[in-house]
Amino acid sequence: MADPQNTIVSLEGVGRVYGTHIKTRVLTDINISIQRGEFAAIVGPSGSGKSTLLNLIGALDKPTEGTVRIGGNTLQGLDDDGLASLRRKFVGFIFQFHYLLPDFSALENVVMPYAIVNGTPTSEQMKQGKNLLDRVGLKDKMKNRTTDLSGGEQQRVAIARALAGSKPLVLADEPTGNLDTENGNEIFGLMRQFNKDENITFLLVTHDPRLAAFTDRIISIVDGRVAGDNIVSKPA
Ligand SMILES: Nc1ncnc2c1ncn2[C@@H]1O[C@H](COP(=O)(O)OP(=O)(O)OP(=O)(O)O)[C@@H](O)[C@H]1O
Ligand SMILES: [Mg+2]
C-alpha cells in the first residue's frame, strides 16, 4: 500500500481532452501514485499520451477530469501563478532538447531559475549551482557558454538546472533521446546517482527498453490509458 505521507504525486481518475470545438481525448482514467524516492520509467508508443501525462504531473497543465495532487496540493482551482509556485517548489524538468539559454554560461543557466524569482541569485544559491555542476562533472566548464558544450555536456547542465532549488521531483521527457549510447548511459547514471544519494524522485519518459529496465518501476501508457504498472525485478 502507498503511504500517503510519502506520496509525492497522485493521480485519481485523471483524463485530458484537448480542444473545445473538436475534442481529442488523450488520457482516460489514469490512477497512479508516486512515492518519494522512486525512480520510474514511463513508456509507450508515440502519441500514446506520455508527454501529456508528464505535463499534468509537473503542473504545466491541468486535467479535464479527475484529481492531480503534487506534494498534497490539488491542481484544480489553481491559477497560472499557483501552478508556477507549485512547480518552483516541487518540480524540475529535463527535456530531450535541453532548452538552455545560448548566450549564457553553464552556471548562469543553472542559477537562472533563482534569478527569475529574486532578480539575482544569492551567494548561497551560486554555491549550490557550482556544487551541482561539479557533481555532474562540469567543474572546469562552469563559465563556458552552453553553445560551446557538447550535447552530453549540455544535458548535464540541464540536470543541474532541474535540481537547483532542491526540487524533490524531477520529470524527464526523453532525456537521452538525442544522445549516443555512451552519453545516454552517463546521463542516466547521473540521474540514478542523485536518486540514490538524495532520495530525489525521478520519472523518465523513454523509448529505450534497455534504460527502462534499469529503473525500479515501468508505467506503460497505451492509447491514453495505463496498460501496465510493474515493479522491475532486480537480479539477486
Ligand atoms: N495541445 C494539444 N492539442 C491537441 N492535441 C494534442 C496537444 N498536445 C498533444 N496532442 C495530441 O495528444 C496525443 C498525445 O500526445 P503526447 O505528446 O502526449 O504523446 P507522446 O506519447 O508523448 O508521444 P511521443 O512519444 O511521440 O512524444 C497526440 O495524438 C497528440 O497529437
Ligand atoms: Mg512525448
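How many bridges join strand β1 to strand β4? Five, and the two strands, residues 7–18 and residues 65–70, run antiparallel. This is a predicted model in which local features need pLDDT of at least 70, side-chain atom pairs count only at pLDDT 80 or more, and totals for chains, interfaces and linings use all residues. Residues are numbered from 1 along each chain as its sequence is written, chains are lettered from A and ligands numbered from 1 in the order in which they are written, and side-chain values use heavy atoms, with hydrogens and water left out.

View 1. Four strands line up as β2-β1-β4-β5, with antiparallel pairing (pairing takes at least two DSSP bridges; strands are DSSP E runs of at least two residues, helices H or I runs of at least four). Look for Glu12, which stands opposite Thr67 in β4. Helix α1 packs on the sheet and touches β1, β2 and β4 (contact means heavy atoms within 4.5 Å). The direction of α1 makes about 130° with that of β1 (N-to-C directions of lines fitted to C-alpha atoms, for helices over the stretch in contact, on a scale from 0 to 180 degrees).

**View 2. Who surrounds ligand 1.** The shell (a heavy atom within 4 Å) includes Tyr18, Val26, Pro45 and His207. Helix α1 (residues 50–57) gives the most, with three residues.

**View 3. Polar contacts to ligand 1 oxygens.** Lys50 puts a polar side-chain atom 2.7 Å from one oxygen atom of ligand 1 (the cut-off for N or O pairs is 3.5 Å). For the Ser51 side chain, the distance from an N or O atom to a ligand 1 oxygen is 2.9 Å. Ser48 uses a backbone N or O atom, at 3.2 Å.

Methods. A polar contact is a pair of N or O atoms within 3.5 Å; within protein, one must be able to donate a hydrogen and the other to accept it, and residues adjacent in sequence count only if both atoms are side-chain atoms.
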